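Subject: Structure handover

Dear colleague,

I am passing on the structure that I have been going through, and below it you will find my notes on what I found. Please keep the structure open beside the text while you read.

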Amino acid sequence: MKKLLQIIFRKPIIWLANKLSSRPESKAVFSNLSQLQQDILKGKAEKGPLLSCHPESARYIIFSDQHKGAKDAADDFMIAEENYMKALTHYYNEGYTLINLGDCEELWESTPAKVIEKNRLTLLEEAKFLVKDRYYRIFGNHDLEWNYLIPRNQFLKPIFGDKLKVYEGMILQMPYNDKTFDIFLTHGHQGDQRSDGNAFSKWFVAAIWTPIQRLLDIRMDTVSDSFDLVDLHNVVMYEWTLQAKNTFLISGHTHKPVFVSLDHIDRLTKQLEKAMLEKDEALISSLQDSLAKRRKEYEGKVFVKTMAQPTYFNTGCCCFSDGDITGIEITDGFIRLIKWEDGARKVLEESPLYYLFEQL
């Protein structure tokens, strides 16, 4: 029966999904991001926490898009799990607060019960941060079900306990030179008509649409699988920051790391151009190797973007096909784009926070 249903409904459902999952529209993205930011600033606790912290004492690690699956052929997280677990051990021991920025679990392809069962050890490592009050969790479009009390209580509560809350976003407020700067964190699926509409549409995706996709074995993530959509989405998110006063935005969702408004592939390309001009053969070789390793991420890319203000960041993801993971650190007065590769931490980019504040 399941095979028959797949044959009958698969193409119409994919057509409908593509119809609803249009390109991100600036108007929708701007409106939804601004509304969420204002809700948090006004103290609507159910939307997300507003935390005050000093740039020199803040200690956060931000990961997103693990997409923990069912440990089957469709599980993108499985190959990256070892790096992720080693990273968690490091950050727990070093006193960091862990922020999981959405799509932590892959609930479009697998049921919550199966995902929790297969990833129990990893989830318990995350829960250790919560015991120390050093854990925040944001929902994304692929784990939208955690936005609702019943699935949270049924599947997450037995691991995380009563302390766990799941938010749409959060804001870190930092003082500098008699001003206050907001570091606004959210998954980044704002403007997605399927999973960021009104309350009914969100419920429909979580309760009806996702189970249909599981039944029909439909795998789709139109943003992370489409390079032009990824670039467009990152650009639109960046453009939103230009009209948000004293605000920096950190998101996930696109699986493509961005640091101070320039994606990592663009930065490597610019570094390679400079190394070629300087005829630095060792650096040329190293940069070419790095670019080759990430070829799938920028295949089809035809231009290099240069964004003027350093206001937008993207964590990348924790499910790269080679097992690497990327994230954003905020610690000791710095913000850093980091990668964990072969169990070791590597800093890809870094900037003092005061430098960013002075640019606005």
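If we leave out the residues up to four places away in sequence, Asp75 touches His67, Lys68, Gly69 and Ala70.

Is Asp75 buried or exposed? With a relative accessible area of 7%, Asp75 is buried, because that value is under the 20% cut-off. Its side chain has a polar atom that lies 2.9 Å from the backbone nitrogen of Phe77, and the C-alpha atom of Asp75 is separated by 9.2 Å from that of Ser110, although the two residues are 35 residues apart along the chain.

His255 sits in the loop between strand E8, residues 247–251, and strand E9, residues 258–259, and it counts as buried because its relative accessible area of 16% is under 20%.

For His255, however, phi is near 70 degrees, which is a positive value in a residue other than glycine. Asp103 is another such residue, with a positive phi near 55 degrees. Asp103 is placed in the loop between E3 and helix H4, residues 112–118, and is buried with a relative accessible area of 1%.

Now to the wider picture. The protein chain has twelve helices and 14 strands, and of its 360 residues 55% count as buried. Among the contacts in the chain with a separation of 6 or more, 76% are accounted for by residues 24 or more positions apart.

Seven of the strands make an open sheet with mixed pairing, and the order across that sheet is E5-E4-E3-E2-E12-E13-E14. Which strands stand at the edges? They are E5 and strand E14, residues 344–352, and each has a single partner strand, so one side of each is left without a neighbour in the sheet.

At the E14 end, strand E13, residues 334–341, pairs with E14 in the antiparallel sense over eight bridges, and Phe334 has Pro352 as its bridge partner in E14.

Strand E3, residues 97–100, pairs with E4 in the parallel sense over three bridges, and the bridge partner of Ile99 in E4 is Tyr136. E4 also pairs in the parallel sense with strand E5, residues 166–167, over two bridges, where Ile138 has Tyr167 as its bridge partner. Both faces of E4, which spans residues 135–138, are covered, for Tyr135 and Arg137 on one side and Tyr136 and Ile138 on the other are all buried.

Helix H6, residues 149–160, makes a right-handed β-α-β unit together with E4 and E5, while helix H5, residues 120–131, lies across E3 and E4 and runs at about 120 degrees to E4.

Finally, a word on confidence. The mean pLDDT of the protein chain is 84, and 76% of its residues reach 70 or more. Over residues 219–227, however, pLDDT stays under 50, and the model has 27 contacts beyond four places in sequence for this stretch. The pLDDT is also below 50 over residues 300–306, a stretch with 16 contacts in the model beyond near neighbours in sequence. Where pLDDT is low, the predicted coordinates should not be read in detail.

Definitions and conventions. Residues are numbered from 1 along each chain as its sequence is written. This is a predicted model: local features need pLDDT of at least 70, side-chain atom pairs count only at pLDDT 80 or more; totals for chains, interfaces and linings use all residues. Side-chain values use heavy atoms; hydrogens and water are left out. Helices (H or I, at least four residues) and strands (E, at least two) are DSSP runs, numbered from the N terminus. Buried means under 20% relative accessible area, exposed over 50%, partly exposed in between (1.4 Å probe, protein chains only). Two strands pair if DSSP finds at least two bridges between them. A crossover is right-handed if, with the strands pointing away from the viewer, the path from the first strand over the helix to the second runs clockwise. pLDDT is the predictor's confidence in each residue, from 0 to 100. Contact means heavy atoms within 4.5 Å. Axes are lines fitted to C-alpha atoms, for helices over the stretch in contact, and angles run from 0 to 180 degrees between N-to-C directions. A polar contact is a pair of N or O atoms within 3.5 Å; within protein, one must be able to donate a hydrogen and the other to accept it, and residues adjacent in sequence count only if both atoms are side-chain atoms.
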